[in-house]
Amino acid sequence: MSEDDAAGRLVRPFALTGGRTRPSRADFTLITSVTAVDPPPDGSDRSQPEHQRIVRLCARPVVVAELAAQLDLPVSVVVILLCDLLEAGRITVQAPRLVSRAPDLDLLQKVRDGLGRL
């Protein structure tokens with residue numbers, strides 16, 4: 001990679017977010033599921049190419065970490081772009097389900113019994 005390529009790669013995410021470094025909302029985690037709204041709301045065709053690409057990738061539910069990997073962009077940049085899309089009504093967000101922190105004692109006993117039979 002040449003020095004110019006490296007410099008361009010560093011500037012690009014900053015340019016994509018319009019210089020913003022923090023998301024406008026706290027709705028997103030790495031495992032937040034995102035889905036495109038179909039049909040898109042009126043007047044939503046003014047987005048930049050990266051927004052349009054995200055909407056295409058979200059035709060089916062996809063998590064934030066996978067979007068960042070597919071876009072080859074830092075998660076922080078993807079989250080800022082997702083905030084734009086959420087505020088424009090272009091995507092919906094499904095927060096991860098909370099998992100009970102209490103251990104399932106019945107399951108643990110079955111595992112213990114199964115291990116004891118080995």
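1. Thr32 is buried, with a relative accessible area of 0%; buried means under 20% relative accessible area, exposed over 50%, and partly exposed in between, for a 1.4 Å probe and protein chains only. This is a predicted model, in which local features need pLDDT of at least 70 and side-chain atom pairs count only at pLDDT 80 or more, while totals for chains, interfaces and linings use all residues. Residues are numbered from 1 along each chain as its sequence is written, and side-chain values use heavy atoms, leaving out hydrogens and water.

2. Thr32 sits in the loop between helix H1 (3–16) and S1. Helices (H or I, at least four residues) and strands (E, at least two) are DSSP runs, numbered from the N terminus. Beyond its neighbours within four places in sequence, Thr32 is in contact (heavy atoms within 4.5 Å) with Asp27, Val62, Val63, Val64, Val93, Gln94 and Pro96. The Thr32 side chain also reaches the backbone nitrogen of Thr29, at 2.8 Å.

3. Next, the core. A nonpolar core is a set of buried Ala, Val, Leu, Ile, Met, Phe, Trp, Tyr and Cys residues joined through side-chain atoms within 4.5 Å. The largest one has 22 residues, of which Phe28, Val34, Ile54, Leu67 and Leu82 touch the most other members. S1, H2, H3 and H4 each supply at least two residues of this core, and H4 gives the most, with eight residues. In soluble globular proteins, nonpolar side chains tend to be buried together.

4. Ile54 touches Leu67, Leu71, Leu81, Leu82 and Leu85, when residues up to four places away in sequence are not counted.

5. Which residues of H3 are buried? They are Val64, Leu67, Ala68 and Leu71. These residues lie on the same side of H3, because they cover an arc of only 100° around the axis; the arc is that of the directions from the helix axis to the C-beta atoms. An α-helix has 3.6 residues a turn, so residues three or four places apart point the same way. The cover over the buried residues of H3 includes S1, H2, strand S2 (62–63) and H4.

6. Two backbone details deserve a look. Asp72, in the loop between helix H3 (64–71) and helix H4 (75–87), has a positive phi of about 55° although it is not a glycine. The peptide bond from Asp38 to Pro39 is cis, with omega near 0°; Pro39 is in the loop between strand S1 (33–36) and helix H2 (49–57). Most residues other than glycine have a negative phi, and most peptide bonds are trans.

Definitions and conventions
Polar contact = N/O pair within 3.5 Å; in protein donor to acceptor, adjacent residues only side chain to side chain.
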